[in-house]
Amino acid sequence: MSLYGALEAGGTKFVVSVGDDPLQPRDVRRFSTSNNPVETMAEVVAYFQERGPLKGVGVATFGPIDFATGAITNTPKLAWQNFPLRDALRRALNVPVGFDTDVNGAALGEARCGAGKGMENLVYITVGTGIGGGALVSGQLVHGLMHPEMGHLLVRRAAGERADFAGVCPFHGDCLEGLASGPAMNERWGVPAHELPPEHDGWKVEADYLAQACVNLACVVSPQVIVLGGGVMSQRHLFPSVRTRAEELCKGYLPLPAIVPPGLEYPGLSGAFVLAMEAAA
Ligand code: ADP
Ligand code: ZN
């Protein structure tokens, strides 16, 4: 039996697992993202060594990341800035390491074994504390000058938006993340998103921004499916509203992809397994 390792690296916690099936992460453990990358990585390496030998490891991490150095670049967690995460694992474990953003990983997982199983063109967007998106085009994850940063798409003000709301993105104010992330909803309406009742007009505003993102991405990437995940999307009533608003915005010009919830319980972690398997293949 071939065993793989998966690491989903987030700004607050690192989740590790081993297994031979992306749909069945085994022995899941969590480490806090400490201010000491050397210590955190020693814990991660020890976890994998105790359960090895592994055929490969996959890392789906918060970003932005630099594929040349295998490091997270621009994080406010200063100790992690430019820490060579990928190579630290490669050196310690001596196995192939697949390395990508959390959302590119999730896109890959959803395309290989989730809501877009068998599809070669898929976009995955998480709507949570931040907004991020990854894309698979012709079966390959999109890497370019860096990688997609869909959370910072520029959108126009939704009908029903508060005129005085400047948005919460620390870089841009009113980009998609600044207007439609969980913290943006909280800031605008004065209550956490999960406490906003489904009939509140705030959800129409939210659906408008997400629909704009879906239409823009459909125009650029032409995915067969757009998967919307993350904490805010656990409000399932958003899905029909986003689809309806996207159709309105599109005005029948192009067929829109399916806009669906994740098929995977843990898109990032399962995606990390697929990254591991494809790195080792
Ligand atoms: P993170 O983005 O930090 O990895 P999540 O995807 O869980 O984690 O996103 C957290 C954000 O999602 C918070 O802003 C929170 O208000 C929002 N959120 C979490 N659960 C819900 C829910 N059931 N309904 C609406 N918003 C939610
Ligand atoms: Zn932004």
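In which loop is P64 found? P64 sits in the loop between β4 and β5, the latter being residues 65–66. The structure is a predicted model.

**Ligand 1 and its surroundings**

- The residues that surround ligand 1 are G128, T129, G182, P183, A193, H194, G230, G231, V232, S234 and Q235.
- By type, this shell consists of eight polar residues, three nonpolar ones and no charged ones.
- In the side chain of T129, an N or O atom is 2.5 Å from an oxygen atom of ligand 1.
- G231 takes part through its backbone, where a polar atom is 2.8 Å from an oxygen atom of ligand 1.
- A nitrogen atom of ligand 1 has a polar side-chain atom of S234 at 3.0 Å.
- On its own, ligand 1 has 560 Å² of accessible area, and the protein covers 58% of this.

**Packing of α6 and α7**

- Helix α6 spans residues 202–221, and helix α7 spans residues 238–250.
- These two helices pack with their axes 8 Å apart, at an angle of about 55°.
- The crossing in which α6 passes α7 is right-handed.

**Cis peptide bonds**

- Most peptide bonds are trans.
- The bond from G52 to P53 is cis, and its omega is near 0°.
- P53 has its place in the loop between α1, residues 37–51, and β4, residues 56–61.
- From G63 to P64 the peptide bond is also cis, with omega near 0°.
- P64 belongs to the loop that runs between β4 and β5.

**A positive phi**

- Most residues other than glycine have a negative phi.
- N82 is not a glycine, yet its phi is positive, at about 65°.
- The loop that holds N82 lies between β6, residues 71–72, and α2, residues 85–93.

How values were computed. Residues numbered from 1 in each chain as written. Chains lettered and ligands numbered in written order. Predicted model: local features only at pLDDT ≥ 70, side-chain atom pairs only at ≥ 80, totals over all residues. Heavy atoms only, no water. Near = heavy atom within 4 Å. Polar contact = N/O pair within 3.5 Å; in protein donor to acceptor, adjacent residues only side chain to side chain. Areas by Shrake-Rupley, 256 points an atom, 1.4 Å probe, with all protein chains shown as cover. Nonpolar A, V, L, I, M, F, W, Y, C, P; charged D, E, K, R; others polar. Axes fitted to C-alpha atoms, helices over the stretch in contact; angles between N-to-C directions. Helix = DSSP H or I, 4+ residues; strand = E, 2+ residues; numbered from the N terminus. Left-handed = near helix turned anticlockwise from the far one by under 90°.
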